[in-house]
Amino acid sequence: MNPAVKPTANSTTDSVTDSVTASVTRSAGGPAARSAGNPAAEHPVVRAYRDALAPGEQRDFDIGAADRTGLPVVAADHLDAAGVRKGAYGYGADTAQARVGAYGELTETVLLARHLARTGRRRASYAELVRERGRDRVADPVELVLPAGADYGPGRPLDWVPAHRLRTGEEVLVPAEFAAACGSDLPGAPPPGGRLITPITNGLGAGDTPERAVSHALLEILQRDGNATGHRAMDEGVVIDLDAVTDPVTLRVLDRLRDAGVEVLPKLASTRFGLADVHVVGTDAAHGRGTEDLATPLTLTACGEAAHPDRETALRKALSEYVSSRARKVFSHGPLPLVARIAPPGYLEREMSSPLAPQEPRALREMTAWAAMDAVRLRELLEPTVLSRRSGVAFSSLPTVPAGSLDEPAALLEDLLLRLADFDVLVVATGGCGVHAVKVLVPGMEVETMSYARIGERGVRRLVERGHPLAGVGLLPHPGARPVHLTAGARERLGGPAWFDVDAARRTVGGLYPLYREPDRHAVARTAAGAVR
């Protein structure tokens with residue numbers, strides 16, 4: 001997983017795997033046998049992804065044993081010729097779906113990195129490019145949403161790469177850091193003033209068709225925009241009453257978790273754009289039963305997120321990611337002896353053979369603190385917000401569409417574009433021959449407000465309407481507040497300049513920071529052991 005980039009809702013698991021019906025038997029109580037060496041047993045989508053990832057070495061295995069629920073979660077990793085490793089996780093109703101998701105996530109990151117490595121970058125300022133190409137052929141960094149107080153003006157030199165406007169096919173230049181998934185995707189020296197933002201994975205998608213890849217990248221963008229200031233440390237405690245759930249996968253997983261002593265807490269973040277934007281957290285009765293169980297207190301911090309026009313689909317995806325998060329957090333941030341019990345022989349040796357990439361200090365520090373906490377302390381940390389219950393909403397009242405009406409990728413994409421009729425959609429695309437990977441940008445959509453202070457017009461409006469003191473319109477009220485970058489039109493609509501209290505946001509997040517940003521897989525244990533090279 002990329003340094004300082006929280007593993008996101010797996011857009012590939014949310015797409016191609018929905019069409020996977022084959023069942024793969026998992027070995028009881030341990031890693032599943034890999035099918036990579038047996039092409040006849042491998043799902044065609046996984047085979048296509050593995051072909052697209054070549055050259056390089058890929059391996060995968062089931063980490064479901066990291067969590068006593070025993071539900072399938074697959075970890076996959078890719079090693080290229082230069083010794084660079086990338087990891088991914090996949091989840092689903094069975095191991096076949098989980099493998100598709102894991103390889104889809106690998107495909108997103110690896111193919112995008114390759115694409116950007118061979119794509120020429122133009123160094124110029126926004127003002128210069130607008131004069132040269134016209135305003136509609138250059139993405140305004142302000143509309144892509146910058147951190148409050150960022151040192152940016154239209155004359156600042158940036159590196160630019162080509163994207164295309166989805167609705168017309170026109171080429172549009174975008175700042176390279178918005179097109180990348182992580183900093184290593186942009187080798188070489190940055191512009192003199194540095195990068196505008198920390199690259200993130202939000203908006204990645206992969207699939208067997210461009211429509212599938214783009215539609216699920218858009219769903220992730222809408223999900224993150226919908227909950228940017230509506231969950232985690234800013235959770236409003238709106239609990240969903242599961243009064244009318246009919247999806248058989250959801251019902252089966254809920255029963256499995258209930259039998260395992262896990263109390264699921266589904267919550268609503270937003271219904272903007274007519275979507276059900278939900279997240280799933282929970283508590284675990286296993287904590288305190290004894291040390292013989294592989295589960296660690298980190299399962300308390302698990303969360304699954306999803307947004308979709310169909311409430312049943314949104315809940316199924318969020319619940320599935322919650323299950324994945326339980327196992328993933330234990331495997332990624334737990335002690336190495338525990339990892340050795342879960343992973344197949346040779347895994348840790350492969351991991352240790354590659355140097356640990358530089359980590360975001362805050363993410364590593366806070367996750368290290370989490371890993372040392374017991375269940376009581378972690379629960380005390382989570383209860384005021386993440387596990388809060390302040391109001392309720394019936395599942396049957398959430399937005400939905402006729403069952404099956406958006407099952408086809410083209411239909412889903414058409415629906416999402418109608419909902420986003422007032423927004424531009426820009427795509428950096430790569431792949432072909434049955435495998436497509438994209439990074440999608442929607443100017444005006446907001447993400448990483450509470451971690452990286454990225455906020456624009458819509459985020460300010462939401463906080464002001466909520467009556468929250470983190471943001472406001474007018475002059476800077478105190479030293480911790482920073483000016484929000486706005487277009488002239490946005491300032492007019494808001495009624496003046498706006499500000500965001502960066503210092504207060506940092507205090508609000510506090511010890512919950514790993515809910516936003518996580519260090520790399522095994523970075524906590526490797527750093528503690530001094531095994532970083």
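How do strand 1 and strand 2 pair, and over how many bridges? They run antiparallel to each other, with 6 bridges between them. Keep in mind that this is a predicted model.

- For a look at the pairing of strand 1 with strand 2 (residues 73–79), go to Gln 58, which stands opposite His 78 in strand 2.

**Salt bridge Arg 232 to Glu 305**

- The side chains of Arg 232 and Glu 305 form a salt bridge, at 2.6 Å from N to O.
- Arg 232 belongs to the loop between helix 5 (210–227) and strand 8 (238–241), while Glu 305 is in strand 11 (residues 304–308), so this pair ties together parts 73 residues apart in sequence.
- Both Arg 232 and Glu 305 are buried.
- The two also belong to a network of salt bridges that links Arg 224, Arg 232, Glu 305, Glu 448 and Arg 517.

**Salt bridge Glu 457 to Arg 493**

- Glu 457 and Arg 493 pair up in a salt bridge, with 2.8 Å between the closest N and O atoms.
- Glu 457 is in helix 14 (residues 457–466) and Arg 493 in helix 15 (residues 488–494), so here the parts tied together are 36 residues apart in sequence.
- Buried or exposed, what are Glu 457 and Arg 493? Glu 457 is buried, at 16% relative accessible area, whereas Arg 493 is exposed, at 52%.

**Salt bridge Glu 128 to Arg 122**

- Glu 128 forms a salt bridge with Arg 122, and their closest N and O atoms are 3.7 Å apart. That counts because the cut-off for a salt bridge is within 4 Å.
- Glu 128 is partly exposed, with a relative accessible area of 33%.
- Arg 122 is partly exposed too, with a relative accessible area of 31%.

Terms used. Residues are numbered from 1 along each chain as its sequence is written. This is a predicted model: local features need pLDDT of at least 70, side-chain atom pairs count only at pLDDT 80 or more; totals for chains, interfaces and linings use all residues. Side-chain values use heavy atoms; hydrogens and water are left out. Two strands pair if DSSP finds at least two bridges between them. Helices (H or I, at least four residues) and strands (E, at least two) are DSSP runs, numbered from the N terminus. Buried means under 20% relative accessible area, exposed over 50%, partly exposed in between (1.4 Å probe, protein chains only).
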